[in-house]
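Come along while I look things up one at a time.

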Amino acid sequence: MAKQKVVVTGGAGYIGSHTVVALHEAGFSPVIFDNFSNSKPEVLDGIARIIGEKPQIFEVDCRSKAELAQAIEACASDGQIAGVIHFAAFKAVGESTERPLDYFDNNIGSTVSLLEAMTAAGISNLVFSSSCTVYGQPDAIPVDEQAPILPAESPYGYTKQACERLITDAFNSSMPLSACLLRYFNPIGAHPSAAIGELPLGHPNNLIPYLTQATAGKRGPLTVFGNDYPTEDGTCIRDYIHVMDLARAHVASIHWLLSNPASCEAFNLGTGEGKSVSQVIAAFEKANGIAVPYSFGPRRAGDVTAIFANAGKAERALGWKCELSLEEALRDAWKWQQKLTEG
Ligand code: UFG
């Protein structure tokens with residue numbers, strides 16, 4: 001029997017590329033829709049090294065209904081599409097405050113176009129890439145899916161809330177739609193083969209890519225943004241999840257949608273454990289036997305003090321939970337950085 005296809009928008013990106021690998025390993029045929037606006041075509045070679053073949057790819061700007069419709073039609077002509085996983089979006093919090101229109105246009109515009117194209121093609125299953133940023137600084141941690149959605153701190157955060165809302169509104173209308181809204185905590189690490197990983201173009205804003213580049217001597221020392229927070233060691237607490245665990249959650253979501261038609265649910269995806277920035281640095285040094293050059297600096301605007309997941313709902317409904325440790329994620333992140341350094 002022919003494998004079922006899963007369309008992965010933004011499939012050449014960081015989480016997208018790892019999900020493409022996980023889908024292939026689970027017996028699906030992943031099809032990438034990507035315009036390489038924040039990724040490189042070489043990612044496809046990395047995926048091919050792992051799965052033994054280049055995935056099918058359509059160069060599509062997901063804001064364009066016409067391009068989406070054409071690609072979906074071509075894709076459906078020789079196989080059945082089980083669903084769509086929608087990653088394609090801009091994702092830098094700071095940049096979104098400088099280019100809000102681009103973020104609204106790209107992130108919200110692409111989701112509207114995708115929903116219309118899916119409806120026209122009769123595809124109802126959608127997995128949406130959301131973020132724990134929708135919770136802001138929650139009153140209680142670990143945070144579960146019942147926690148209120150707080151006013152967004154950035155245009156980026158607002159686009160995630162708006163897309164969740166528009167998917168939920170579409171679900172509540174007469175549109176035939178089933179959706180998983182996946183609220184990621186902090187994805188880190190890389191495929192253990194180091195054939196794919198995170199490829200931040202330019203100055204990395206997130207902790208682990210900056211930390212690994214600083215440790216490799218490609219950047220100045222890491223600045224830890226604030227050590228005067230009301231936490232045990234004064235640094236912020238987050239829930240760092242191995243990108244391979246996160247990738248598997250997308251496969252579990254597709255399976256869940258296939259057996260739960262006409263459903264729309266949000267799921268937190270995290271380990272359930274909070275780690276401070278200082279703990280992450282210490283764990284990285286221990287896991288890799290190398291010192292991280294760093295110093296403490298002022299707080300970064302918009303950072304919440306502490307957030308980590310209650311991921312119980314995902315475990316109960318999707319049968320998914322994290323299997324990989326922080327140390328494994330940090331070892332894989334360093335292996336990937338070393339590969340990049342070697343060229
Ligand atoms: N940090 C540093 N130095 C750096 C970079 C980060 O100390 O150079 C600290 C941050 O202050 C924070 C922690 O490391 O305490 C994690 O920061 P990241 O930028 O890696 O991740 P965030 O938690 O800020 O951001 C993540 C996602 C966003 C999402 C946000 C919601 O990357 O997409 O969570 O809180 F919007």
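I started with Tyr-158, which is partly exposed at 40% relative accessibility. Keep in mind as we go that this is a predicted model.

**Entry: ring pairs**

I wanted to know which ring Tyr-158 pairs with. The count of aromatic pairs comes to six, and in one of them Tyr-158 is stacked with Phe-104, at 5.5 Å centre to centre and 15° between the planes. I call the pair stacked because planes under 30 degrees apart count that way. Next I checked where the two partners sit: Phe-104 belongs to helix α5 (residues 100-121) and Tyr-158 to helix α6 (residues 155-172), so their pairing ties together parts 54 residues apart in sequence. Phe-104 is also partly exposed, with a relative accessible area of 34%.

I then looked at another pair, Tyr-294 and Phe-296. Their ring centres are 5.7 Å apart and their planes stand at 85°, so I noted this pair as edge-to-face. Tyr-294 has a relative accessible area of 37%, which makes it partly exposed, and Phe-296 is partly exposed as well, at 41%.

**Entry: charges over rings**

I looked for charged ends sitting over rings and wrote down two. Arg-99 places its charged end over the ring of Phe-90, 5.5 Å from the ring's centre.

**Entry: a serine in helix α5**

Back in helix α5, I stopped at Ser-110. Is Ser-110 buried or exposed? I found a relative accessible area of 1%, so Ser-110 is buried, since buried means under 20%. Its side chain makes a polar contact with the side chain of His-86, at 3.4 Å.

**Entry: the ligand**

I turned to the ligand and asked which residues come nearest. There are 18 residues around the ligand, and the nearest are Leu-207, Thr-223, Phe-225, Arg-238 and Asp-303. Sorted by class, I get nine nonpolar, six polar and three charged residues in this shell. Strand β8 (residues 222-225) gives the largest share of the shell, with four residues.

For Asp-303 the distance is 2.6 Å, for Arg-238 it is 2.7 Å, and for Arg-300 it is 2.9 Å.

Pro-142 is placed in the loop between β5 (125-131) and α6.

I also noted two alanines with positive phi. Ala-194 has a phi near 65° and sits in the loop between β7 (186-188) and α7 (207-215). With a relative accessible area of 5%, Ala-194 is buried. Ala-262 has a phi near 55° and lies in the loop between α8 (243-259) and β11 (264-269). Ala-262 counts as exposed, at 59% relative accessibility.

Technical notes. Residues numbered from 1 in each chain as written. Predicted model: local features only at pLDDT ≥ 70, side-chain atom pairs only at ≥ 80, totals over all residues. Heavy atoms only, no water. Near = heavy atom within 4 Å. Polar contact = N/O pair within 3.5 Å; in protein donor to acceptor, adjacent residues only side chain to side chain. Nonpolar A, V, L, I, M, F, W, Y, C, P; charged D, E, K, R; others polar. Phe/Tyr/Trp six-rings, centres within 6.5 Å; stacked < 30°, edge-to-face > 60°. Buried < 20%, exposed > 50% of the residue type's maximum accessible area, 1.4 Å probe, protein only. Lys NZ or Arg CZ within 6 Å of the ring centre and 35° of its normal.
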